[in-house]
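Visitor: I am new to this kind of model and would like to learn how to read it. Could you guide me through a few features?

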Amino acid sequence: MPEPLSPKAQQRLDEIRVAAEAAIDKPAALGPDVDITRFRTVSEQQKIESLESLQKQVKETVIHSGFMADETDRSASYFQMDRTPIYERVQKAFDDAIEITSTEDALRLWPEEMIEKYWWRAVMPDKDKYTALVALHQTEGYFIRVKAGRKVEKPIQACLFVSESNVSQNVHNIIIVEDGAEANVITGCNVHVDVKEGLHAGISEFYVGKGAKLTFTMVHNWAADFSVRPRTGVVVDDDGIYINNYVLLTPVKSIQAFPVAKLVGARSTAVFNSIVYGLKDSYIDLGSESQLIGEGSRSEAVARTVSMDQSTVYSRGRLIGRTNDCKAHLDCRGIVQSPESTQWAIPDLASEGAPGAELSHEAAISPIAAEEIYYLMTRGLPKDEAISMITRGFVNIDIPGLPDVLRKQIDKAIEETSKEAM
Amino acid sequence: MASEKPAPLLQIEDLHVSVGDREILRGVDLTIGEGETHVLLGPNGGGKSTLLNTIVGMPGYRITQGRVVFKGVDLAGLEIDERARLGIGIAFQRPPAVRGVKLRQMIDVAANGTLDDEAMAALDEDLSLGHMLERDVNMGFSGGEAKRSEMAQLLAQMPDLALFDEPESGVDLDNIAVVGGAMNALLKGEERIAERTRAGLIITHTGHILEYVNADVAHVLYSGRLACKGNPLDLIEEISSHGYEACVGCKLCQSL
Ligand SMILES: Nc1ncnc2c1ncn2[C@@H]1O[C@H](COP(=O)(O)OP(=O)(O)OP(=O)(O)O)[C@@H](O)[C@H]1O
Ligand SMILES: [Mg+2]
């Protein structure tokens, strides 16, 4: 029998439930509304002893998001199939540095600490129907904690996999990088090749401690009929650094995400990098918000978007300065490669009572200049190679911690799409 | 020198070129043989860059009459990159900046992937490229840096015909020596003096670059045609004291 919760913790859980119940029909501020009642929740699956025992097709799918069945170059792994965390392992060398488990297990193991500090503290359960859905019908999610002072060089990998159609996967993820620790987390969300419709609602709450650093790379690999509604809140303490890399290279029915970094710590930093390909009739609405609260906080957001076919892409970026000594910049560029595609670039800056805040942006949507293509051709490069080199340069923003396999993946996508654009 | 006249590398015959609906070149004839270095003079807006852009095949420069033949091949219908691979290289007057493409990549492309680390290091040293190698090409390059970057790309490419559009403009005295050294290396290929097959066409207003590069002959592009030719330094001297109009048809010019 687990010990009963303290009245305070129990009260907090009740509050979360009540708030979520009230918000279960509340549409999100952005993105097309999804009828969440159409989906049943994901099913239980068998646990596995080794990632090698994953189906070949699954292994091949997840590798596209940087998830390796061979864990030689990984410090820890989490694999969730539908509703079940089928595999959780920390490599020996990092045994005392990393804890990795499902969030529901974490809540069972350390209920008081979780509820007091981390459980729905960075994302509000009543933000919209998707947060409410996860709060009321959570289907696991990963919990990762990197212990104080431990710098884990090898990436930690997590995969959230959906193998069934017409389901919703409602995950709640928590990452804690304690004071002075460093971690590089690569997460991939994937669906089985046969999966058609579905919903992924993912709550992520990240806590970056004093002087800690979290590099979080997410590669989305969705099905064309999938709707995706991640909700992410990140809290960064003094001198902490949060780096968010996001890559989307496959079609998706609709995705809407707007992660928020609360830079509460003095000299805390958030960096958002994103590379987005709008393909087929994808509806993509992505952005980020940095709240510059701590003295000396800094933020940078770099977004590169290439849109093709009938896709619609919104690229947003919001910077809110709340302290005098803060500085942030948005750099958001897009190329529209199809007459049927639409792109919006929406930078959004606010200084809330912070006369010294320095916030700036550059936003542009424009094609590759012909004279740049000709210039490369004068050095002997054929036109199609010149176009892909320039496009690659356009999206090839300096992404720290991006695994090679992802870099190659991005290059391949550029190669394919620039050929199509000829 | 061998008595046999070398086969012409480049032959331009009665070339008329329009940009939009304006005719800029009106009957240019020019022959450049292997191993020769020519100079192209002429007033601003006279069409010098237009001639070079036409040779490399830039779209927008429409040949309405005449032809350009390189190594016996009529260039009409050849794409820019095909001409480059045939052996034509250019250092632009004002090269465009390309975001996301590093100078190092441009050099690799120009060398068609044949440049090893040692050769790259040598280029870096000869042209003091330094941090420029890892920067987006021409993005915020100073005037002199842009010229050195163009030279590095040409040296990597080693074209049989190198076209230089005002290689010394905006370049300080120290850097003129650097740029001139690169041009010399390209045109004369010191180790292979016997061969000396590479040819050059240099646009210059001041002739300062000719202190570093030996040129055989200069042409004046005036009113859309090559109005006269002669000894490069003598012609520049004449132009600087009497102007273009007086020069064209003066006694220095071997009239055409
Ligand atoms: N791409 C272009 N579009 C429009 N006009 C052009 C273009 N290229 C050249 N021209 C025009 O053709 C004429 C010749 O220009 P060109 O650049 O060839 O002169 P130039 O002899 O190189 O001059 P400068 O000594 O100033 O460099 C000019 O009137 C110029 O404006
Ligand atoms: Mg010119």
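Visitor: Is B:S49 buried, exposed or partly exposed?

Guide: This is a predicted model, in which local features need pLDDT of at least 70 and side-chain atom pairs count only at pLDDT 80 or more, while totals for chains, interfaces and linings use all residues. Residues are numbered from 1 along each chain as its sequence is written, chains are lettered from A and ligands numbered from 1 in the order in which they are written, and side-chain values use heavy atoms, with hydrogens and water left out. Buried means under 20% relative accessible area, exposed over 50%, and partly exposed in between (1.4 Å probe, protein chains only); B:S49, with a relative accessible area of 23%, is partly exposed.

Visitor: Which atoms coordinate the magnesium ion (ligand 2)?

Guide: Donors are N, O and S atoms within 2.8 Å of the metal (3.2 Å for Na, K and Ca), and because water is not among the atoms, sites may look incomplete. Here the magnesium ion is coordinated by OG of B:S49 and OE1 of B:Q93, at 2.0 to 2.2 Å. B:Q93 is partly exposed as well, at 21% relative accessibility.

Visitor: How is a pair of aromatic rings described?

Guide: The distance of the centres and the angle of the planes describe such a pair. Rings of Phe, Tyr and Trp (its six-membered ring) pair if their centres lie within 6.5 Å, and planes under 30 degrees apart count as stacked, over 60 as edge-to-face and the rest as tilted. The structure holds 11 aromatic pairs over all chains. In one of them, the centres of A:F67 and A:F79 are 5.3 Å apart with the planes at 80°, so this pair is edge-to-face. A:F67 is buried at 2% relative accessible area, and A:F79 is buried at 0%.
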